Amino acid sequence: MKQTPTRGGDQPLILSDKQGFDRRWFAPNLKAVYVPSRYEQVEEYVASALSEFGHDVKIASGRHCYENFVYNDSTRAIIDMSAINQAGFDAERNAYFVDAGCENWSAYRVLLNRYGKTLPAGSCYSVGAGGHISGGGYGLLSRLHGLTVDHLSAVDIVTWDAALGQAKLRHVSEHSGSQEERDLFWALRGAGCGNFGVIVRYYFAKLPDAPDYATQWSFAWDWDKIDQKTFDRLLDLYAEICAGMPNTDFSLLKLNHVSNGQIGLLVQFAALPGVSFQQHCQQVDARVRALEKRFAAIAPAAALQQPMGGHPGWMHTTHSHLNPQHLTYLEALQTVNGSGPNQFGKYKSAYMNKAFPSCQKHQIYTWLHHQPEGMDKDALKQSLLQVDSYGGVINEYSSASTPVPQRSSIMKLQYQTYWNNDSLPGQRHGGSSREQAQAHLDWINGFYLSVYADYGGTPNPQNDKDGVVDGCYYNYPDCDLGTHENGKIDQAMELYFQENYRRAPRNLVQVKQQWDPQNYFRHAQSIPVK
């Protein structure tokens, strides 16, 4: 009998192989995990996996996935890129590189400590580069430096020729010799997540200098002092601030469910190269005092009573009541780590070009106070709508420069809900566990549908005559938007990619047809072949 590579070579699969970083998802029928540890093994393992398991092969790097794209009932084999995990400088390519299995924290430390450089990528430690960068790569320095894919200069990827039964490692860039490879490189800058092949390495001809330090300032408002009118004014002011803040600044507004007791705000002020620590502190102090004054005119701030979770970003209590905290850049990254514990979770997203309309503010306030019948009073304590500042340098690029079309938004929203139980992975939940999960899903789905009711239940810019909403983020996937299984995949893809999906001259469906016509690289929301 042919021996299939498993984790550790001769070692049998273990339970942990079948689950990623979301306890909702499990692969009960997994037969093999291919773990290339050397660059030259990737071609071999891709060919072996696809030849033996066909369309039932999935790809993982950091194992984070909001939906069951990797871990599901149909998955029989996984190509796990976690052992291809270096970052550095490739002298032959004359470019910095990050391997697909390299996690955010490792990439940040190597690029900073060796070269003084950084990526404008996410804050969650354990997210793997493989999916994070190819979906856009957005983080706390994106307003200053753009999305991570805006800096991407080349990609090494293993593609599959099904007709020949052959896997091939390719180096693709804007300078590739064929138009097909140039189109593939374009598609990998925002829509590469499990759609076209197995990404091995990302290259960056230039990267931003890492700040020496950053200042973080966080505080909260007690829910019992916020009525609908006060809430509306806070949202109006926050949108105004997002539209006009300096590109060095980034903010997270955490609109927690009322059972949490508070809502919170985190602002990070990054130092520009060449600015002394004293100058930076003076600049930050002036901006903090100005913001304090504007917010105090609406509602009194309070000390943060407990850490506030959510992806991305984590808000901690600090020793200094309402005062900003000056940190080295690596300390700042550590402080806003958003990975947290592995729980059950559900997420939804939206981009906004303008401030919240009155109807949206009303629905947000209502649903953050909604207590589903039969649910424990603290069950939604971790559930929230997180509103990130967006724009800045991101908006200096055209909507067609990468597959990510949202280049005029000022805010990026992520709806989140979390829960847990005491069961082992893969156990079929019954009774109260199933009811608990459904209650959380009903809450977040009802919340989302109500906020975007005027546009058909999603932030669909085609249904928005006022230009407020601008679709959804592919790296925050949401299967409720539409999947291959329910036949509504076009609906989801239009929200993620808009014109770049299939209407623009260069579009993702054409690239998929060129590079994976038999649809080997697929999941519930993968780019369709037709």
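**Helices and sheets**

Guide: Helix α7 (residues 277-296) lies across β9, β10, β11 and β12, at about 15 degrees to β9. Helices (H or I, at least four residues) and strands (E, at least two) are DSSP runs, numbered from the N terminus. Angles run from 0 to 180 degrees between N-to-C directions, with axes fitted to C-alpha atoms, for helices over the stretch in contact. This is a predicted model: local features need pLDDT of at least 70, side-chain atom pairs count only at pLDDT 80 or more, and totals for chains, interfaces and linings use all residues. Residues are numbered from 1 along each chain as its sequence is written, and side-chain values use heavy atoms, without hydrogens and water.

Visitor: What is the order of the seven strands in the open sheet?

Guide: β12-β9-β11-β10-β14-β15-β13, with antiparallel pairing (at least two DSSP bridges between two strands). β12 (325-328) and β13 (344-352) are at the edges, each with a single partner strand, so one side of each has no neighbour in the sheet. The twist averages 20 degrees from one strand to the next.

Visitor: Which strands does α6 touch?

Guide: α6 packs on β9, β10 (249-256), β11, β14 (384-389) and β15 (411-419). Contact means heavy atoms within 4.5 Å.

Visitor: Which residues of α6 are buried?

Guide: Among them are Phe231, Leu234, Leu235, Tyr238 and Ile241. Buried means under 20% relative accessible area (1.4 Å probe, protein chains only).

Visitor: New topic. What is the order in the open sheet of three strands?

Guide: β1-β3-β2, with parallel pairing. The edge strands are β1 (32-34) and β2 (57-60).

Notes: Buried < 20%, exposed > 50% of the residue type's maximum accessible area, 1.4 Å probe, protein only.
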